[in-house]
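Biologist: Hello! I have never looked at this structure before, and I would like to learn how to read it. Could you walk me through it?

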Amino acid sequence: MPLVSRAELFSLIALASGKNVLLVGAPGVGKTRLAKQLAGEGMPAYEVVTCREGLTYDRLVAFYSAKGDKVSLELGPLARSVLRYWLSIAWLSIAPKPLSLPGWIVLDEVNRVNIDVVLGEIFTAMDMEHRMSVKILSEDLLKTALDYLDSSVEVVAKRLGISADRVKAVVNDLKRFFDWFGGVPLPFSYRFIATMNIYDRAQLYRLGHAFVRRFAYIYMLPPYESYSVSWSTDQEKELLRNEVSKGIYAMLTSIDSEVVKQASRELKMNKHVVEMHKDMPAEVASLLTGVDNPTIYIPGFVDLDAEIPEVVKPGSYCDKAFKLVSHIYGFAEEVGVELGTSLLVDVVKMCVVAGVARYGKIVSDAELADFIASSIVLPQLGVIAPRLRAEALLGSEDLLKRVRDMREYVKSLLGGKSLSYRVLRGLVES
Amino acid sequence: MRRVTDAFRYALIAYVSDSDVPMDAIYQYVGNGPVVHGAKGLSIAQRVDVDSLRQHFLTDIPLAKTCFDFDKLREGVIRLRSEYVETFKSSPTLSSVAKFVLFLESLHGEGRTVAKLRSDVAGLGLSASVDELVAYLALLFPAKVRIRCSDTDVYGYLIQNFDRLKSISSHSDVAKVFLATVSELCKSIDEAVVEVVPMLRFLNVAKTRRSTNVFEVAIDALRSAGVADAEDFLLKVLGVAVESTDMDTTLSMLAQYNDAKRAIQSFLDSLKPTIEAYRGVLVSCAEKLKSLSLGDIHTVLGSLLILLSASDQRFGEVSKAFPLGLVSRAKDVVKDNAYVLLLCRVFGSSLR
């Protein structure tokens, strides 16, 4: 196995663009190992939750626990992780020490629970646009949260390798922030890493829409399968074949389109929030505009405004991705699926970050196109899976034929060892 | 009288250089007739407040020093004063600028303590910050301003503005004056053995400023040895040093640049703590880069090390000593290879 797998490279670009990551594959392909690496194993906010039947939203966030005749309110692993994360970045914001990713939460084996129910109320908070308007912990849980902050100082300091006194110094700043906010929000730089065992590819299409939309789907191959992507220039001509595809492509390659503007806004959402809330305590504003950056790995000296026009234009590194995504939108329209604009915003964000990170030196433009299509757009076609099954029961194969044609087209464009082809194969098999 | 004219003209050029008055007009205005030019010159000076002068000092000290040819000014103003000062004093047109010129002239004549200087500056009734002006005067006239260990506000100001001073001083004038001041201070400290925290911080900066020479000397040595792009080469050497624990391996890169070896060794010695602090992370990063079969990873590693140490408070003093050109090059290299930040999990926003 190469030291840096494609799955890792793709996950990193998804995380840097603001997406959460869902690692999918057969048991034993290294999903949990990669998830732990990405989530910063050993860091203060790192938590692993192995999903099992009976896991609920409350168990993840806050729940009442009975011990003997006493009942107490306890914070779940997500709430604890987020609070320790805030504590870590509050410290890092006043004493920058690079390479200290504070850690995130791993939701291992999400296939074992109804993840839509478990994460339900957190989905909105995951959206970059809503991070500072939705509370992970509400006001009535604030006292418990603040007590937990106090009790976490030692462990955070120990894991960051600094003196506890230095961490204590920022606790009061955070308390003022949470008081001002009236609860605890999800930091812009916080991510969820999930893993899912699949025994057949069709499983992906049984995940809820809300979940799939907020995670980048990274397919990890079994060791006996290889990954490669080609690009057929003959087939490329067909990518923008209908008006919808052309319209989407125009949107993705125009700096003035609402999609691009929204992507740009979300990549700098921390700064927008500070501008909007003039009454925000100064130390909070400094925290949000400093360490808690939506584009976690991209350094402060990179000027996104200058970089975006270089990516968002025909012929750029992302051009193949833009065309492929546009094609899938055209296909979706033909089969009666409305994919919405939020996916396009995610596509642009991912492209901008890949461009800024100069991913072109390590990932080809065809690979990027394959990755973006397979990780954030194609999984959305799962909404037609029930229709495919219904039609099959009625003895009709019209829709299935269209999907098969699409699969074959993708195969001839990207090759049979591409991720997009494999993901579409799962839809056909469903 | 011609020399008086020259001296005062120099002063006026400096005063109004931030204003909209064209130079030619000034020359024309103050160049005709000794008496007329004095009065008219002051009238121009009236329109320019001392803040402009202060800004001038802040933004381009070498130029200000050129304009203020102080020896000439001194001579000129002495004459000017002897001839006109009584008139000036009684004149309602006497501006704060003229007062300041006379004050500067008097500073040449006698040394004074910071306390006395502060009291004199305060007496001028200027709108400028007294502390700031005193600090600058101390910087510009180290031989005349007797700084004591207890004058912490002067050190404080100089420390806070060190970066700015460094960045505006492409010439060596300020650095020379600064170091002369510092060596005076060091002497004082040695004699007094006073452990004043701001003073120690100041000395650290001073030492760092000296160590700047280590980096600059290394770059100069490489240039003298015929290396076309010395900064790039230095970053590459640093990358090799990060990956190798053996100095000989690193220095073997310099086989054909024997004359530069010693300079590079000093450069690496000064960065030893930062190299050690990041070696573990960067070596694992290097392995990842190698597994992707990327080209020259050493320049990337060296650049990353420079930026990481510049963002880490532990190495604040060292990082202040990095030549701006080297930091700027390191930024460019990292920007052009920013995937390295993802692969090495650099929590990006901490890099400024």
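This is a predicted model: local features need pLDDT of at least 70, side-chain atom pairs count only at pLDDT 80 or more; totals for chains, interfaces and linings use all residues.

Biologist: Which residues of H12(A) are the buried ones?

Modeller: Helix H12 spans residues 258-267 of chain A, and its buried residues are Val259(A), Val260(A), Ala263(A), Glu266(A) and Leu267(A). These residues lie on the same side of H12(A), because the arc they cover around the axis is only 125°.

Biologist: Let me step back to the whole chain. How many helices and strands does chain A have?

Modeller: Chain A contains 21 helices and nine strands. Chain A is as compact as a globular protein of its length, because its radius of gyration, 22 Å, is close to the 22 Å that the globule rule gives for 430 residues. Along the principal axes, the C-alpha atoms of chain A fill a box of roughly 65 × 55 × 40 Å. Of the 430 residues in chain A, 49% are buried.

Biologist: And what share of the contacts in chain A with a separation of 6 or more is between residues 24 or more positions apart?

Modeller: For chain A that share is 81%. In chain B, among contacts between residues at least 6 apart in sequence, 73% join residues at least 24 apart. Chain B has 21 helices and two strands, and 38% of its 352 residues count as buried.

Biologist: Now to domains. Which domains does the assignment give for chain A?

Modeller: The domain assignment lists domain 1 (6-193) and domain 2 (227-429) of chain A. Taken over C-alpha atoms, the centres of these domains are separated by 27 Å. To see how the domains meet, look at their contacts: 25 residues of domain 1 of chain A are in contact with 31 residues of domain 2 of chain A.

Biologist: Which elements give two or more residues to the side of domain 1 of chain A that touches domain 2 of chain A?

Modeller: They are helix H1 (6-16), helix H4 (77-94) and helix H8 (164-181) of chain A. H1(A) gives the most, with seven residues. By class, that side of domain 1 of chain A divides into 15 nonpolar, four polar and six charged residues.

Biologist: How should I think about a nonpolar core?

Modeller: In soluble globular proteins, nonpolar side chains tend to be buried together. Here the largest nonpolar core has 201 residues, and those that touch the most other members are Ile13(A), Ile218(A), Val325(A), Val347(A), Val348(A), Ala357(A) and Val340(B).

Biologist: Which residues does Ile13(A) touch, not counting residues up to four places away in sequence?

Modeller: With those neighbours left out, Ile13(A) touches Met350(A), Val353(A), Ala354(A), Ala357(A), Tyr359(A) and Leu342(B).

Biologist: So let us turn to the contact between the chains. How many residues does it take from chain A and from chain B?

Modeller: The contact takes 31 residues from chain A and 27 residues from chain B. On the side of chain B that touches chain A, helices H17 (272-291), H18 (297-311), H20 (324-336) and H21 (339-343) of chain B each supply at least two residues. That side of chain B has twelve nonpolar, seven polar and eight charged residues.

Biologist: What should I look for in the backbone angles?

Modeller: Most residues other than glycine have a negative phi. Glu109(A) has a positive phi, near 60°, and sits in the loop between strand S5 (105-108) and helix H5 (115-119) of chain A. Arg345(B), also not a glycine, has a positive phi of about 60° and is found in the segment after H21 of chain B.

Biologist: One last residue, please. Where is Val240(B)?

Modeller: Val240(B) lies in helix H14 (residues 230-243) of chain B. Val240(B) is buried, with 20 other C-beta atoms within 10 Å. Not counting residues up to four places away in sequence, Val240(B) touches Thr249(B), Thr250(B), Met253(B) and His298(B).

How values were computed. Residues are numbered from 1 along each chain as its sequence is written. Chains are lettered from A and ligands numbered from 1 in the order in which they are written. A residue is buried if 20 or more other C-beta atoms lie within 10 Å of its own, exposed if 12 or fewer, and partly exposed in between; C-beta atoms are placed from the backbone. Helices (H or I, at least four residues) and strands (E, at least two) are DSSP runs, numbered from the N terminus. The arc is that of the directions from the helix axis to the C-beta atoms. The radius of gyration is taken over C-alpha atoms; the globule rule is 2.2 Å times the number of residues to the power 0.38. Two residues are in contact if their C-beta atoms, placed from the backbone, lie within 7 Å. Ala, Val, Leu, Ile, Met, Phe, Trp, Tyr, Cys and Pro count as nonpolar, Asp, Glu, Lys and Arg as charged, and the others, Gly among them, as polar. Domain bounds come from an automatic or database domain assignment. A nonpolar core is a set of buried Ala, Val, Leu, Ile, Met, Phe, Trp, Tyr and Cys residues joined through C-beta atoms within 7 Å.
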